[in-house]
Amino acid sequence: MKIFSAQQIYDADKFTIEKQQISSDVLMEQAATKLFEWIHARLRGTKVQIQLFCGIGNNGGDGMVLARLLHEHGYTIKVHVVNYSDKRSKDFLLNLERLKEVKVWPDFINEDSDLPEISPNDIVVDAIFGIGLNRPPDGWVGNLIQHINASQAFVLSVDVPSGLPMDRSPWNPVHVIEASYVLSFQVPKLVFFLPETGVYVNEWELLDIGLDTEILDRTDATYQLVGRQEILPLYRPRLKFSHKGTYGHSMIIGGSYGKIGAVQLASNACLTTGSGLVTVFVPECGYQSLQSAIPEVMVLTDEDERNISKITLPFVPDVIGIGMGIGTEEKTAKAFGNLLKEMKAPMVIDADGLNILAKNPKMLKDIPKNSILTPHPKELERLLGKWNDDFDKLEKAKAFALQHDVVLVIKGAHTIILYGDKGFVNTTGNPGMATAGSGDVLTGMITGMVAQGYEPLHAAIFGVYLHGLAGDICASQQGYEAVKASEICKMIGRGFMEILSPPEVEDREKG
Ligand SMILES: NC(=O)C1=CN([C@@H]2O[C@H](COP(=O)(O)OP(=O)(O)OC[C@H]3O[C@@H](n4cnc5c(N)ncnc54)[C@H](O)[C@@H]3O)[C@@H](O)[C@H]2O)[C@@H](O)CC1
Ligand SMILES: Nc1ncnc2c1ncn2[C@@H]1O[C@H](COP(=O)(O)OP(=O)(O)O)[C@@H](O)[C@H]1O
Ligand SMILES: [K+]
């Protein structure tokens, strides 16, 4: 699903109005009717007080229409106009008049007003700012936002949490509505998925407000949200007359004394994802444990007991997954550097493999074509240097991926895969996966997908989605805390099955 920028949303708005020959207030009425229907379906007339805080732009206009519809259906409402500017939008004014016509008189809040009382049992509708926010809210508006956040009431944000800009981090982190639920119009917004701004969005859902499908189809979005719909077409079915050679030979290189488990997790995940053959290359000390833990995996060892010092491969693998638990010893860095020079096979580079690259940037030019890098934020910072905010991070990361012609997987709650000028935002996964070794499992999985012939970008997108899905299945069975990397690995098969035939109620793509 495409993620639009604010400008693209305004353009789609304009196009729809022109093509469908409607006036902008009709679109506003449509949007607010969807909001109303959503609320009405859940409250069914419950006698709860709904306090609507409406700005003076079109987000506030949506709030005005919603207030009228709620009033007409007998709900108890209180309407506040947050009067932060005298540049009121045309449709806000129109709908303010329509609200007065049904005898609802909003109170106007300005700099000098007392903060309205909000009970924890109230429902707050936040329609102060939408995607038009382009400068910091005034101090008193910020205070009102803090007051709403402190109320413990359920806060339903219209389109986006007020105070959240669409293209940068907030000016003041406490002057943003902490939404219990966001009902967002038509398309998801990138801010919902980034660590600095996603925290304001507890849950979100899209409302189809009837923007024209032609413009939605035609608009080229930089970022896409990846759900099952995007994953299913990438799936490569196993063929009846295939054999293990059909699905590639993966090489997993990593480990050091005390960190052989990382290789065990990665190679097991690689096999479980479907790689036909898997060989690992580890320091001598890893031999026994690997041979006894995973009988399906073949083991090659370095001449060094504790660290990788010289990588000699007796065959050319289809893909190499490298870096987990490998350490950053000088001899290891050298061995890795030589491998990069000699090897043409694509690589999936993780963990200390990335740290070695960050310390030795000259090695970057030797990364084989079609390779994938899987940093977590700290590893990414070592590669890129510091960034100002999440948007700056994405720009810098995109430039890095382009310059070195790699697929860059930025791991996190919503892992983002960057390639060329495009980004793919993952929707699966959960905080249970913040656990030792879950990244090693991911590296093994992506390696296994490349081995089977998935294009590198598809291997990364599919692998990340499947990894999160396996983690979600684990969490659904035993709760977040008990999720362990080895358990994620055990659920890979179930993950595939769920992609191919999902359970009846599918709600994983919600925020
Ligand atoms: N296609 C869509 O998605 C539709 C969007 N609509 C609504 O329209 C909203 C956007 O409306 P607007 O463009 O009017 O913008 P907002 O309602 O977000 O903001 C109001 C206006 O205040 C000004 N402003 C920005 N930051 C300010 C600040 N810190 N202090 C004071 N003034 C500030 C801006 O000039 C802006 O136009 C959307 O979020 C959505 O709620 C709907 O009405 C209908 C269709
Ligand atoms: N809060 C979270 N929500 C969803 N996924 C998460 C969360 N925390 C971590 N993950 C996922 O778990 C993995 C952690 O990887 P990493 O930090 O490299 O772990 P390790 O080094 O222990 O293997 C990544 O794929 C990341 O996306
Ligand atoms: K809002």
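Ala, Val, Leu, Ile, Met, Phe, Trp, Tyr, Cys and Pro are counted as nonpolar, Asp, Glu, Lys and Arg as charged, and the remaining residues, Gly among them, as polar. The legends below describe a predicted model.

**View 1. Surroundings of ligand 2.** Ligand 2 is surrounded by 18 residues. The closest are His376, Lys411, Gly429, Ala434 and Gly439. By class, this shell divides into 7 nonpolar, 9 polar and 2 charged residues. Helix H15 gives the largest share of the shell around ligand 2, with 4 residues.

**View 2. Helix H15, residues 438-451.** The helix has 14 residues, and at 1.5 Å a residue these should span 20 Å. A residue counts as buried if 20 or more other C-beta atoms lie within 10 Å of its own. In H15, 14 of the 14 residues are buried, so the helix is largely enclosed by the rest of the structure. Gly453 follows H15 and has a positive phi, near 105 degrees.

**View 3. Surroundings of ligand 1.** Around ligand 1 there are 30 residues, and the closest of them are Gly57, Asn58, Asn59, Gly130 and Gly132. Helices H1 (6-19), H2 (24-43) and H3 (58-72) each contribute at least two residues to this shell. The largest share comes from H3, with 5 residues. The shell around ligand 1 is made up of 14 nonpolar, 12 polar and 4 charged residues.

**View 4. Contact between domain 1 and domain 2.** Domain 1 covers residues 2-214, and domain 2 covers 230-235 together with 242-500. Taken over C-alpha atoms, the centres of domain 1 and domain 2 are separated by 42 Å. Their contact involves 10 residues from domain 1 and 7 residues from domain 2. On the side of domain 1 that touches domain 2, helix H6 (residues 195-198) supplies the largest share, 4 residues. That side of domain 1 has 4 nonpolar, 3 polar and 3 charged residues.

**View 5. The segment annotated in UniProt, residues 9-217.** An unreviewed UniProt entry places the feature "domain: YjeF N-terminal" at residues 9-217. Over this segment the chain is 38% helix and 17% strand. The C-alpha atoms at the ends of residues 9-217 are 13 Å apart.

Note on methods: Residues numbered from 1 in each chain as written. Chains lettered and ligands numbered in written order. Predicted model: local features only at pLDDT ≥ 70, side-chain atom pairs only at ≥ 80, totals over all residues. Expected span 1.5 Å × (residues − 1). Buried ≥ 20, exposed ≤ 12 C-beta atoms within 10 Å, placed from the backbone. Near = placed C-beta within 6 Å. Domains from an automatic or database assignment. Contact = placed C-beta atoms within 7 Å. UniProt positions renumbered as here; feature names shortened; annotations may be inferred.
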